[in-house]
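Please read it alongside the coordinates.

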Amino acid sequence: MSTQASNGSVLINNEVQGELAQELAAKALRLPQIPLDTVNVSDVVLLATGALSPLQGFMCREDYASVVETLRLYDGTVFGLPITLAVTKDQARDLRLGSVVALRDADGPLAVMTIEDMFTIDKQRDLAIVFGTSDAAHPGVARGLVQGDVLLGGPIQLFRRPMDPFASFHLTPHQLRAEFARRGWRTIVGFQTRNPIHRAHEYIQKCALEIVDGLLLHPLVGETKNDDVPAAVRMRSYEVMIRHYYVPERVCLAVFPAAMRYAGPREAVFHAMCRRNYGCTHFIVGRDHAGVGSYYGTYDAQRIFAQFTPTELGIRPLMFEHAFYCRK
């Protein structure tokens with residue numbers, strides 16, 4: 001296993017299998033049903049498999065408020081983005097603290113959740129803080145505005161993974177850490193991408209490989225904007241790059257089953273903390289990381305890391321400026 005400490009020093013595993021999974025699946029059919037959107041589904045998988053450690057489930061109010069205001073959980077752990085489950089007031093009316101509900105996607109229940117908290121927020125204010133704008137044209141703000149007004153917090157247990165076209169590349173933090181150890185890698189740089197690798201990416205990755213043992217090519221394959229390159233196309237491009245260009249022994253390709261929030265600087269911090277949980281010791285932060293439109297400055301996602309000490313980050317961000325081809 002990788003010796004890299006996870007965020008909060010606790011690597012969560014709330015995915016159950018075998019007989020227990022079958023028992024929970026049967027129980028879930030008799031519980032109140034909470035429908036999930038595609039972003040929620042991604043969050044459930046990330047929560048259960050440990051990518052969002054130290055979270056055991058969706059945030060309760062203390063963690064939520066602390067992350068919105070300080071980018072840290074209530075105990076001070078760096079995090080970046082609130083991870084929430086919203087329901088309507090009508091849905092919340094029949095729920096009680098301490099009760100267990102089933103979380104379902106289009107194919108049926110996939111997890112159970114114990115409700116530890118139910119709370120409301122100042123949605124307009126909090127969205128403006130998290131995304132740095134109140135513009136409803138921003139995809140993250142737009143999603144937040146149409147969500148329900150009540151947030152549910154509490155631990156989850158995942159008993160069925162959703163349909164995953166990239167299942168063979170879906171390695172959990174526990175599995176990736178074991179793979180890094182098998183390869184003998186002690187230092188690993190993570191690269192977040194929602195686009196095919198272009199020439200500037202290749203330059204940045206090769207620069208990073210000069211100071212670490214291996215590269216985790218970790219494309220995000222959850223929900224993105226409609227005009228982003230489809231995940232299946234991107235995955236084929238990564239495979240070709242590794243097969244014909246990179247040294248395969250120094251690159252590991254696995255998918256990051258998260259959805260994009262397009263939260264710019266905050267999402268850069270969030271992505272770094274997730275990669276720390278996957279076992280990375282370094283993380284590449286390039287130009288306008290997780291940005292959209294003109295909402296964020298070119299290097300805002302790099303400057304935000306100055307708010308944290310190296311010790312509390314627990315992962316070293318590698319900053320790169322705009323790479324270009326010089327014709328002189």
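Where is the place of Pro54? Pro54 is in the loop between α2 (38-49) and β2 (57-58), where helices (H or I, at least four residues) and strands (E, at least two) are DSSP runs numbered from the N terminus.

1. Basis. This is a predicted model, in which local features need pLDDT of at least 70 and side-chain atom pairs count only at pLDDT 80 or more, while totals for chains, interfaces and linings use all residues. Residues are numbered from 1 along each chain as its sequence is written, and side-chain values use heavy atoms, with hydrogens and water left out.

2. Cis peptide. Ser53 and Pro54 are joined by a cis peptide bond with omega of about 10°. Most peptide bonds are trans, and most residues other than glycine have a negative phi.

3. Tyr262. This residue, not a glycine, has a positive phi of about 60°. Tyr262 sits in the loop between β10 (251-253) and α10 (265-277). Its relative accessibility is 3%, so Tyr262 counts as buried (buried is under 20% relative accessible area, exposed over 50%, partly exposed in between; 1.4 Å probe, protein chains only).

4. Asp288. Asp288 belongs to the loop between β11 (282-285) and α11 (300-303), and counts as partly exposed because its relative accessibility is 22%.

5. Cysteines. With a disulfide defined as a pair of cysteine sulfur atoms within 2.5 Å, the count is zero. Cys207 is in no disulfide, the nearest cysteine sulfur being that of Cys326, 16 Å away. Cys207 counts as partly exposed at 23% relative accessibility, and Cys326 counts as partly exposed at 44%.
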